[in-house]
Every structure is written in C-alpha cells, then in structure tokens.
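Subject: Structure handover

Hello,

Here is the structure I promised to pass on. Please open it first, then read the notes below.

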Amino acid sequence: QVQLVESGGGLVQPGGSLRLSCTASGSIVSFNIMGWYRQAPGKQRELVASITTGGTTNYADSVKGRFTVSRDNANNTVYLQMNSLKPEDTAVYYCTYFRPGWPKRDYWGQGTQVTVSS
C-alpha cells in the first residue's frame, strides 16, 4: 500500500503563488508517476500535472507556463509550484501516485483546498 500526505493549500490573491507538497510512503516502486489532479465545484476532476521518476512532465493546457511540477525521488515527494494564480484555479487538489506495469495501480491523497480570490 501507498499513502500520500499533502500540504500547502490555502487562500491566495489572484496573481499570487502557492506551493503544494505531497510525500508518498509505503511500497514505492523504482519507476512511478506522481502528480496532481484537481476538482472544482460542479466540475469533473482533471489532470493538472504529472512527473515520472525520470523527470518527464505533462501539464494541462490551462496551467502551462504558470505551474511547475517537480519531485525529490530520494524522499518520494512531488511538488506543484503554482504562480500567477487565477480564480479559475480554485479547486481541491489531489496528489496521485501511479504504478505502471501489471497490474497497474494508482493511489490518491485526500485533497487540499486551493482558493484564489480577492
């Protein structure tokens, strides 16, 4: 089993910044993908950003150029640096851990609230 602990959410003004952190513990495999999903009220959950152990990243079009995902493999920690925040970024952000291979398996954190408002 893998457990994910998230931190860094909160209230921020438009144009401000937040940094989310998530640490995985348990049965961590050598190659995995960690990242962030978000879900706004009344909206479907969407992928924000992901990063492999080797550093390959993917971003939602809506956050490209503003958000940066990174990771510390030694500590099994993934970060999401969020700059130039907009009200539409308001959502619950969920840390994810994905184990490729067979069988595939993924895990979810409990979520952290990010609110962008003046």
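**The largest pocket**

By class, seven nonpolar, three polar and one charged residues line the largest pocket. Please keep in mind that this is a predicted model. The volume of the largest pocket is about 160 Å³. Its lining consists of I33, M34, G35, Y37, L47, S50, T96, Y97, F98, D106 and W108. Which of them gives the largest share? That is β4, with four residues.

A word on how such space is found. Rolling a probe the size of a water molecule over the atoms shows where empty space is left.

**Aromatic pairs**

The structure holds three aromatic pairs. Take Y94 and W108 to begin with. Their ring centres are 6.4 Å apart and their planes stand at 75°, so this pair is edge-to-face. An angle over 60 degrees is what that label needs. The pair links distant parts of the chain. Y94 is in strand β9, W108 is in strand β10, and 14 residues separate them.

Are these two residues buried or exposed? Y94 has 14% relative accessibility, so it counts as buried. The cut-off for buried is under 20%. W108 has 38% relative accessibility and therefore counts as partly exposed. W108 also belongs to the lining of the largest pocket.

Now look at Y97 and Y107. The centres of their rings lie 5.9 Å apart with the planes at 50°, so the pair is tilted. This pair, too, links distant parts of the chain: Y97 sits in strand β9 and Y107 in strand β10, 10 residues apart. Y97 counts as buried because its relative accessibility is 1%. Y107 is buried as well, with a relative accessible area of 12%. Y97 is another of the residues that line the largest pocket.

There is also a cluster to find. Y37, Y94 and W108 form one aromatic cluster. Y37 is in the pocket lining too.

**A charge over two rings**

Next, turn to R45. Over which rings does its charged end sit? One is the ring of Y94, with the charged end 4.0 Å from the ring centre. The other is the ring of W108, where the distance to the centre is 4.7 Å. Y94 and W108 are the edge-to-face pair described above.

**The disulfide**

How many disulfides are there? The count comes to one. C22 and C95 form it, with their sulfur atoms 2.0 Å apart. In general terms, a disulfide is a covalent bond between the sulfur atoms of two cysteines. The angle about the S-S bond is -85°, and the link of C22 and C95 is left-handed. It joins distant parts of the chain. C22 lies in strand β3 (residues 18-26), C95 lies in strand β9, and they are 73 residues apart. Both C22 and C95 are buried.

Strand β9 keeps coming up in these notes. It holds Y94, Y97 and C95.

**Backbone points**

Some backbone details deserve a look. Most residues other than glycine have a negative phi, and most peptide bonds are trans. Here are the places to check against that.

- A cis peptide bond joins W102 and P103, with omega about -5°. P103 is in the loop between β9 and β10.
- N76 has a positive phi, near 50°, and is a residue other than glycine. Find N76 in the loop between β7 (67-72) and β8.
- S84 also has a positive phi near 50° and is not glycine. S84 belongs to the loop between β8 and β9. With 41% relative accessibility, S84 counts as partly exposed.

**One last residue**

Finally, V78. This residue is found in strand β8 (residues 77-82). Its relative accessibility is 0%, so V78 counts as buried. How far is V78 from D89? Their C-alpha atoms are separated by 19 Å, and the two residues are 11 apart along the chain.

Best wishes

How values were computed. Residues numbered from 1 in each chain as written. Predicted model: local features only at pLDDT ≥ 70, side-chain atom pairs only at ≥ 80, totals over all residues. Heavy atoms only, no water. 1 Å grid on protein atoms, 1.4 Å probe; cavity = no way out; pocket = protein on both sides within 12 Å on 5 of 7 lines; lining within 4 Å. Points joined across faces, edges and corners; volume = space filled by probe spheres on them. Helix = DSSP H or I, 4+ residues; strand = E, 2+ residues; numbered from the N terminus. Nonpolar A, V, L, I, M, F, W, Y, C, P; charged D, E, K, R; others polar. Phe/Tyr/Trp six-rings, centres within 6.5 Å; stacked < 30°, edge-to-face > 60°. Buried < 20%, exposed > 50% of the residue type's maximum accessible area, 1.4 Å probe, protein only. Lys NZ or Arg CZ within 6 Å of the ring centre and 35° of its normal. Disulfide = S-S within 2.5 Å.
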